[in-house]
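Q: Hi! Could you walk me through the pockets and ring contacts here?
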Amino acid sequence: MRRIKLTIAYDGTNYCGFQVQPELPTIEGELNRALGELTGEHIEVIGASRTDSGVHAYGNVAVFDTASSIPADRFPLAIVSFLPEDIRVVESEEVPAEWHPRKCDCIKTYEYSFDCGRVEDPKQRLYTSFSRRVPDIGPMREAAAHLIGEHDFTSFANPSSQILKEGGSAVRNIYSIEIASQLRNESESFGPANTNVIIRITGNGFLYNMVRIIAGTLMNVGTGLWEPERVKTALDAHDRTKAGPTAEARGLTLVGINYNT
C-alpha cells in the first residue's frame with residue numbers, strides 16, 4: 001500500500017463542507033467516490049482542513065492509501081474525468097505511510113473577501129461577502145495588529161467548537177494579517193465601481209469559525225462601529241460575545257497549507 005498526498009482546489013458553493021455527511025454533498029464524499037471509481041478500491045481520504053459549507057479552497061490537503069499502480073504524480077490527470085467541475089486535484093505525491101495531514105506542524109493561510117459598494121456585483125456573489133459600506137483599511141490594520149502572535153482566541157471561536165467543548169486549548173499563533181483594498185470598474189459604463197477588500201491571515205492553526213469571526217470583527221472597525229482598541233479588549237475577554245459577528249462562509253477561501261516536515 002502507498003499513501004498519496006493530494007492538494008485540492010474547489011468551489012464550495014454546492015457542498016455542505018469538506019467532511020462526509022450522510023445523504024449530503026461534500027468535498028470528501030466526492031473525492032472518496034472519484035478515487036474509488038478510478039482505483040477500484042474502497043477509499044476514505046483524510047483531510048487536513050474540514051472547511052465549512054460554502055467555503056472554498058485553492059490548496060486544501062488530503063491523503064489516502066492505495067494499492068493502485070498509478071504513478072503518484074499522475075493523480076491530477078487520472079482523476080479529472082471522475083470529478084465534478086467544481087473540484088480539482090492540482091498536485092499529488094507519495095508520502096510516508098505514517099504521514100497525517102492534521103498531525104504535522106504546518107502553516108495555514110486563508111483569505112476573506114468583501115465586495116463593498118452601493119450595489120452587489122453579481123459575478124462575485126459566490127466568493128465575497130457584500131457590504132454597502134466601504135471600510136477604512138487603516139483602522140482595520142491597526143486593530144489586526146492586536147491579534148498577531150500567540151494568544152488565547154476563545155473570543156474568536158464558535159462556542160460549539162469540538163476542541164473547546166472537550167476542554168482543549170484555544171491558543172493559536174497568528175503570524176500575519178494583511179489587509180488590502182482595490183477599486184474595480186471605475187467607469188460607470190462597466191457596472192458598479194465597487195471596492196474589493198481582502199483580509200489574508202496566516203497562522204499555525206485556526207479554531208472553528210475563527211477566520212470568519214476575525215473578518216467580521218475587523219469590518220466592524222473598518223466601518224466605524226468599533227475603535228481599533230476594542231479588538232484587544234475582545235481578545236483579552238476570552239468571551240465570544242465580546243467579539244464581532246461571524247462573516248458569511250462564501251467569502252472565505254483556504255489559500256494553502258505549508259508543512260514544516
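This is a predicted model: local features need pLDDT of at least 70, side-chain atom pairs count only at pLDDT 80 or more; totals for chains, interfaces and linings use all residues.

Q: Great. How much space lies in the largest pocket?
A: About 1,100 Å³. A pocket here is an open set of points on a 1 Å grid over the protein atoms alone, where a 1.4 Å probe fits, with protein on both sides within 12 Å along at least five of seven lines. The volume is the space filled by probe spheres set on the points, which are joined across faces, edges and corners.

Q: Which residues lie nearest its centre?
A: Ser-49, Arg-50, Phe-206, Leu-207 and Tyr-208, out of 35 lining residues; lining means having an atom within 4 Å of a point.

Q: And which elements supply at least two residues of that lining?
A: β5 (106-116), α4 (162-165), β8 (171-183) and α5 each do. Helices (H or I, at least four residues) and strands (E, at least two) are DSSP runs, numbered from the N terminus.

Q: What about the second largest pocket, what volume does that have?
A: About 210 Å³. It is lined by 13 residues, and His-56, Tyr-58, Ser-113, Tyr-127 and Thr-253 are the closest to its centre. Strand β3 gives the largest share of that lining, three residues.

Q: Switching topic: is α5 mostly covered or exposed?
A: Mostly covered: 13 of its 13 residues are buried, meaning under 20% relative accessible area with a 1.4 Å probe, protein chains only (over 50% is exposed, in between partly exposed). Gly-224, which follows α5, has a positive phi near 85°.

Q: Nice. How many aromatic pairs are there?
A: Six in the whole structure. Rings of Phe, Tyr and Trp (its six-membered ring) pair if their centres lie within 6.5 Å; planes under 30 degrees apart are stacked, over 60 edge-to-face, the rest tilted. One of the pairs is Phe-64 with Phe-75, whose centres are 5.4 Å apart with planes at 80°, so this pair is edge-to-face.

Q: Where do Phe-64 and Phe-75 sit in the chain?
A: Phe-64 is in strand β3 and Phe-75 in helix α2 (residues 75-79), 11 residues apart. Phe-64 is buried at 1% relative accessible area, and Phe-75 is buried at 1%.

Q: What about Tyr-110 and Phe-206?
A: Their ring centres are 5.4 Å apart and the planes lie at 85°, so they are edge-to-face. Tyr-110 is in β5, and Phe-206 is in the loop between β9 and α5, 96 residues apart.

Terms used. Residues are numbered from 1 along each chain as its sequence is written. Side-chain values use heavy atoms; hydrogens and water are left out.
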